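The following questions and answers examine selected features of the structure shown below.

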Amino acid sequence: MSDVNVIRVESLTVRYGRAVAVDTVNLDIPNGTVYALLGRNGAGKSSLVRCLVGQQKPEAGRVTLFGDDVWTRREKLMQRVGIVPEESDAPPEMTIERIAEFCRDVYSRWNDAAVRERVARFGLQLNKKFGTLSKGQKKQVMLAVALAMSPDLLILDDPTLGLDVVARKSLFDEVIADLADRGTSIFITTHDLAGVEALADRVGIMKDGRLVLDEQTETLKSRFRRIRFASAPVALSAGNLLAASVSQWGNGTEAVVSNFDDVAFERFRNTTSVADVSPMSLEEIFIAVAGEEARS
């Protein structure tokens with residue numbers, strides 16, 4: 001594979017009538033990256049994914065995969081892209097085996113043994129009709145199919161929806177981690193932030209159709225802190241601290257700051273009543289960035 005970004009999104013805009021679902025999004029994802037796109041329901045994630053796989057033509061902007069425009073070169077590109085959609089879709093009367101046979105005739109790099117082995121590991125029978133499967137089992141079939149075509153890029157749209165705890169852990173610990181180790185690029189939207197936190201190289205957060213955050217996971221976690229002050233009010237500006245949210249904490253104040261720096265903060269600590277400083281999980285950062293408006 002070349003050094004071209006596996007995904008490039010340029011000024012992408014999607015509208016449904018007067019509603020703006022995706023608002024001028026720009027995004028570059030290098031080859032071999034595990035990229036997690038986060039956002040609340042209605043933030044625009046699924047609309048962006050539909051554009052990524054060439055299912056929807058944007059009103060403005062464009063998407064390229066491996067350097068090719070996805071809207072005009074979709075047939076060629078989809079030979080290299082495995083997709084697990086948010087809503088698993090296949091004819092309900094088709095058996096798992098028949099679905100695999102259909103896909104075998106479509107994908108040039110299809111691995112029939114791989115799909116059979118994966119289905120067996122999921123505890124499913126090839127003669128089961130798709131319509132009789134649970135929501136989670138349908139997701140597992142879609143994942144088996146996506147992996148069997150030996151993708152260079154795997155796109156997972158909320159893949160843990162409907163999966164039980166064991167299946168979710170298997171997805172993250174076995175499937176995604178294994179693919180990442182082999183250099184497969186992965187783009188995932190998910191509400192399971194705890195599961196993806198240890199695997200994602202880079203994180204994006206969408207809010208109201210806009211990409212409000214896009215950076216390396218470790219860099220993101222290093223600059224966010226929860227700081228509790230024993231008294232209120234607190235002049236955060238005195239320490240050049242940017243507050244993502246501020247709320248009451250007992251008789252004091254709790255602030256989530258987005259530009260934490262150890263050296264600068266130590267100088268600030270000596271001028272105020274800091275009670276506690278703690279790092280934040282990806283889920284806590286997401287809530288601070290994409291949750292309700294910050295309270296002052």
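Q: Across which strands does helix H9 lie, and at about what angle to S14 does it run?
A: The model considered here is predicted. In it, helix H9 comprises residues 262-269 and lies across S11 and S14. Relative to S14, the helix runs at about 165°.

Q: In what order do the four strands of the open sheet stand?
A: The pairing in this open sheet is antiparallel. Strands S12 (243-249) and S14 (274-279) each have a single partner strand, so they stand at the edges, with one side left without a neighbour in the sheet. Neighbouring strands are turned by 15° against each other on average, direction ignored. The order is S12-S13-S11-S14.

Q: Is Thr190 buried or exposed?
A: Thr190 is found in the loop between strand S8 (185-189) and helix H7 (193-197). Leaving aside neighbours within four places in sequence, Thr190 is in contact with Leu37, Leu38, Asp158, Thr160, Phe172 and Val196. Its relative accessibility is 2%, and the cut-off for burial is under 20%. Thr190 therefore counts as buried.

Q: Which backbone nitrogen does the side chain of Thr190 reach, and at what distance?
A: A polar contact requires a pair of N or O atoms within 3.5 Å. The side chain of Thr190 reaches the backbone nitrogen of Asp192 at 2.8 Å.

Terms used: Residues numbered from 1 in each chain as written. Predicted model: local features only at pLDDT ≥ 70, side-chain atom pairs only at ≥ 80, totals over all residues. Heavy atoms only, no water. Pairing = 2+ DSSP bridges. Helix = DSSP H or I, 4+ residues; strand = E, 2+ residues; numbered from the N terminus. Axes fitted to C-alpha atoms, helices over the stretch in contact; angles between N-to-C directions. Contact = heavy atoms within 4.5 Å. Buried < 20%, exposed > 50% of the residue type's maximum accessible area, 1.4 Å probe, protein only. Polar contact = N/O pair within 3.5 Å; in protein donor to acceptor, adjacent residues only side chain to side chain.
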